[in-house]
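Good morning, colleagues. Please look at the structure as we proceed.

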Amino acid sequence: METTHTLYLGLMAAVLLAGAFPAAAIADQGPTAQQPARSVVAPGAQLTLVAKQFKFTEGPAADKAGNVFFTDQPNNKIWKYSTDGKLSVFLDKAGRANGLYFDKRGNLLACADEQNQLWSIDKQGRPTVLLTQVNGHQLNGPNDLWVHPKTEGIYFTDPYYQRDYWTRQAPDPGLGGQHLYYLAAGQKAAVVADAQLQKPNGIIGTPDGRLLYVADIGANKTYKYQITPEGSLTNRQLFAEQGSDGMTLDQEGNVYLTGKGVTVYNPAGQQIEHIDVPADWTGNVCFAGKDRKTLFITASEAVYVLPMRVKGAQ
């Protein structure tokens, strides 16, 4: 376990928003968002660098208190950024975790693709393996996941990205492709939820458990599904002509897609805003802070925060 790193917070006048995260590394601010008349970003807000000490950041997820947990996959760590602006290592040797999401009990679920597994990590950082195969076949590499708020079933994407820490050089041919899966609560076998995707990646669902958004980064498209009470998906519709690495939602139903910065779509699938991020690739995004009005952005070697007008969906 590494020692804790505390961010220098600077002057109190630089606090981003009441109840949100304090500012960090104020001298290295990014550009302001391209704001329409009714922006989702707080008036006058600027993107602010938290830290730039990582190799590739991913998978941000906020706990009930608003603390953010995110991964530095190449360095095999899960970091915590607390609501008081402290940055620390939550888990070393983190199974090459990628996407993260919290369940109702406060366990941190992780797509741990070192051995192509799903993990549940308790508050003390102790992992339990939830899934390691599908029908006896090795998964490609679980990438991102979302937990249904009522059934607690897990939807996860399983694209194939060759990793330098793997001994294999190709997918398990018996798996049959790169799919979206569903693991019902308490079950040990996952089922295919959608087999008609090229390379599924980012995923997020609505707080009422009725809609699921899944990005097919291979086809450069994002789809919307209706979720049945049994957990199956119906009525797949094209939501946006854009793929995404990571995704989140706000309380107005807007969908945030990542890649080249952050692109915001309204519930009808119309682009309403774009947030520039000074990085070659923006991997993922979530809402965090005590009031859920801070957008936390993982972008290659760095992580950023941005004060928002809107709250994250809960």
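Let us begin with aspartate 92, which in this predicted model has a relative accessibility of 25% and therefore counts as partly exposed. Its partner is lysine 77: the two residues form a salt bridge in which the closest N and O atoms are 3.0 Å apart. Lysine 77 belongs to strand E5, residues 77–81, and aspartate 92 to strand E6, residues 86–92, so this pair ties together parts that lie 15 residues apart in sequence. Lysine 77 itself counts as buried, because its relative accessibility is 12%, under the 20% limit.

I turn next to glutamate 152 and arginine 105, whose salt bridge has its closest N and O atoms 2.9 Å apart. Glutamate 152 is partly exposed, at 22%, whereas arginine 105 is exposed, at 54%. Both residues also belong to a network of salt bridges that includes Asp103.

Where does the pair of arginine 163 and aspartate 113 lie in the chain? Their side chains meet in a salt bridge of 2.9 Å, N to O. Arginine 163 is in the loop between E14 and strand E15, and aspartate 113 is in the loop between E8 and strand E9, 50 residues apart. Both of these residues are buried.

For the structure as a whole, the search finds eight salt bridges. The pairs discussed today are among them.

Terms used
Residues are numbered from 1 along each chain as its sequence is written. This is a predicted model: local features need pLDDT of at least 70, side-chain atom pairs count only at pLDDT 80 or more; totals for chains, interfaces and linings use all residues. Side-chain values use heavy atoms; hydrogens and water are left out. A salt bridge is a side-chain nitrogen of Lys or Arg within 4 Å of a carboxyl oxygen of Asp or Glu. Helices (H or I, at least four residues) and strands (E, at least two) are DSSP runs, numbered from the N terminus. Buried means under 20% relative accessible area, exposed over 50%, partly exposed in between (1.4 Å probe, protein chains only).
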